[in-house]
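Colleague: Could you walk me through how a pair of helices sits together in this model? I'm new to this, so please keep it simple.

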Amino acid sequence: MTLVRAKKHLGQHFLTDKNIAAKIVDSLNPEGRFSQVLEVGPGMGVLSDFLLQKEAYQTSLIDIDTESYDFLKKKYPQLGERLINADFLELDFGSIFTGSLAIIGNFPYNISSQILFKVLDNRQQVVEVVGMFQKEVAERCAAKAGSKEYGILSVFLQAYYKVEYLFTVKAGVFNPPPKVLSAVIRLTRNEKATLDCDEKLFWLIVKAGFNQRRKTLRNAVSSLMNKEKMAGEPMLDLRAERLTVDDFVKLTNAVAASRQ
């Protein structure tokens, strides 16, 4: 079969090292709460080869690239409708998958944050993610409060998932090699169906705090609260990067009470 050309506009860097591909697939928790697995951006199927050997999984593949889709259709004729030619970011999960789902992939770096926010939008269904990201993004996802990497993505992901930085991957195992290091992380859904606060307000506070991360929260989120009622709140004298997820939940409840 004719090989698929990596396309710069799609952020494609095809993994060529089969040992790393196997390691990524083995990073899925075989005792997880899922049997359905969706691979995003399979390219020429280096991860797919190992995924499809796992009989415990019902594996589906999705790729926006028509050339990859045509290649994979010939390579895996047994997949039928489980090979999807579509944009993952536009996918309606509920129309295709029933129940819990795991997502895996060597994700295109140019849309990695969008992929993670798509996961968050579908957090009640997506119980696990194992993925290759740019190392900087992976570190941001797993960062703890107080570190310079800690930000909006860290808080939102860690509110609903356990985030583990698994291993670093060098550029030479890709074709074409990216100009950055890569890393694999695992997200495992926690037991929180919802946060113990107004979730919309939580998101607003986190975004406002980190969008002005050099300011104290008293200044960064001032438009969201009653300043007089919140005058004695000590968390407001900190910057956003100092607050854990639980701290943000407590602050959200205090802000919500001040608005009543």
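Colleague: Are α6 and α7 parallel, perpendicular or oblique to each other?

Modeller: First, this is a predicted model, where local features need pLDDT of at least 70 and side-chain atom pairs count only at 80 or more, while totals for chains, interfaces and linings use all residues. Residues are numbered from 1 along each chain as its sequence is written, and side-chain values use heavy atoms, leaving out hydrogens and water. The axes of α6 (residues 135–142) and α7 (residues 152–160) come within 7 Å and cross at roughly 55 degrees. Under 35 degrees is roughly parallel, over 145 roughly antiparallel, 65 to 115 roughly perpendicular and the rest oblique, so this pair is oblique.

Colleague: Which residues of α7 make the contact with α6?

Modeller: Contact means heavy atoms within 4.5 Å. On the α6 side you'll find V137, R140, C141 and A142. Their partners on α7 are L153, S154, L157 and Q158.

Colleague: Is Q125 buried or exposed?

Modeller: Q125 is in the loop between α5 (112–121) and β6 (126–134). Among the residues Q125 touches are F93, F97 and L101. Its relative accessibility is 15%, so Q125 counts as buried.

Key. Axes fitted to C-alpha atoms, helices over the stretch in contact; angles between N-to-C directions. Helix = DSSP H or I, 4+ residues; strand = E, 2+ residues; numbered from the N terminus. Buried < 20%, exposed > 50% of the residue type's maximum accessible area, 1.4 Å probe, protein only. Lists of a residue's contacts leave out its neighbours within four places in sequence.
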